[in-house]
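Have the sequence and the 3D view open as you read.

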Amino acid sequence: MTVTAFDDSVEISLGSNDTKVKILNFGATVLSWKVAGKEQLWVSEASKLDGSRAVRGGIPLVFPRFGPASGNHPATDKLPQHGFARSVHWEVLGQVDENTVQFGLGPEQLPAEFAKAWPYDFTLIYTVQLLEKSLKISLDVKNPGTQAFDFNVLFHTYFSVPEVEKIKVQGLSKLAYFDKVASAQVASDSSDAVTFNQEVDRVYKKSPAHIEITQDGEPLYTVDASNLKDTVVWNPWTQKAEEMSDWAPKSGFHQMVCVENGVVADFNTLQPDSSWVGGIVIKANM
Ligand code: BG6
């Protein structure tokens, strides 16, 4: 097990079988996760990796707001889509043990525009642990200030899949969801799984903690979430992929699916001197 700190990233490596994870300091974004040499995350070939914009792929972290300004939540409405955490440089706090690293973010690291738009005292600690076939990630949100604040959080995981039309996302059937494509609430999903042959952008409120991405009945990935009650499922399909300047190849949406665990349907409120922790364990079944 080796942890290597580069100028712009940290890599944890399991050793000889090419199992490793690379986390960019920018956004504390998990950029690559390889299990026995096989990449598990999708990253756009046109993604900027120089800190000029959020990474298009991997696992960007959404905080403290999900989606665009809603117009009815003044405390976060001045922030850009998906907040600031994915678009700022985090501090590498260091190695916790041989396979775990931590990153930290506080108001002192925010550019003035974000500090002004979200003027709260906060501490974020992001922990990434590499195991043989799984990745464990958690976020600790602390409020050391005197004012309560509201936040959304989302682990925006871009899973790499052989062909999205052949996969299923299981664990969400029969649940209500908000369909962001139609801008409508859907009372119940009648299918046995989420499948993909068009744009999909859904927010499942209070979803199960265990979700599977399967192909031919076999799991490609399992995701277990803790303290993250909502799940977003997203695939941009043809037109949205065309519209995104950092999306390449344009057909790349066939090789990915976003299954994102978080707290997004409502805001969490964190009182002074309190903290909140949530996280995911992703297992690659290969
Ligand atoms: C998903 C949202 O979480 O993120 C989608 O549900 C959004 O609506 C997608 O399009 C990508 O967002 P962004 O800001 O990275 O382009």
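Two strands pair if DSSP finds at least two bridges between them, and strands (E, at least two residues) and helices (H or I, at least four residues) are DSSP runs numbered from the N terminus. The model is a predicted one, in which local features need pLDDT of at least 70, side-chain atom pairs count only at pLDDT 80 or more, and totals for chains, interfaces and linings use all residues. Residues are numbered from 1 along each chain as its sequence is written, and side-chain values use heavy atoms, with hydrogens and water left out.

**The sheet.** β1 pairs with β2 (residues 9-13) in the antiparallel sense, over four bridges. Within that pair, Thr4 stands opposite Glu11 of β2. Both strands belong to an open, antiparallel sheet of five strands, ordered β1-β2-β3-β4-β5. Its edges are β1 (2-5) and β5 (38-39), each of which pairs on one side only.

**The ligand site.** What surrounds the ligand? Arg56, Phe66, Gln81, His82, Arg86, His156, Lys180, Asp201, Val232, Trp234 and Glu260 do, counting residues with a heavy atom within 4 Å of it. By class, that shell splits into three nonpolar, three polar and five charged residues. Here Ala, Val, Leu, Ile, Met, Phe, Trp, Tyr, Cys and Pro count as nonpolar, Asp, Glu, Lys and Arg as charged, and the others, Gly among them, as polar.

| Side chain | Ligand atom | Distance |
|---|---|---|
| Gln81 | oxygen | 2.8 Å |
| Arg86 | oxygen | 2.8 Å |
| His156 | oxygen | 2.9 Å |

On its own the ligand exposes 400 Å², and the protein buries 86% of that (Shrake-Rupley areas, 1.4 Å probe).

Most peptide bonds are trans, and most residues other than glycine have a negative phi. Where does this model depart from that? Phe63 and Pro64 are joined by a cis peptide bond, with omega about -5°; Pro64 is in the loop between β6 (61-62) and β7 (91-97). Another cis bond links Ala248 to Pro249, with omega about -10°, and Pro249 lies in the loop between α2 (237-243) and β20 (256-270). As for phi, Asp216 has a positive value near 50° although it isn't a glycine. Look for Asp216 in the loop between β17 (210-215) and β18 (218-226).

Note on methods:
Polar contact = N/O pair within 3.5 Å; in protein donor to acceptor, adjacent residues only side chain to side chain.
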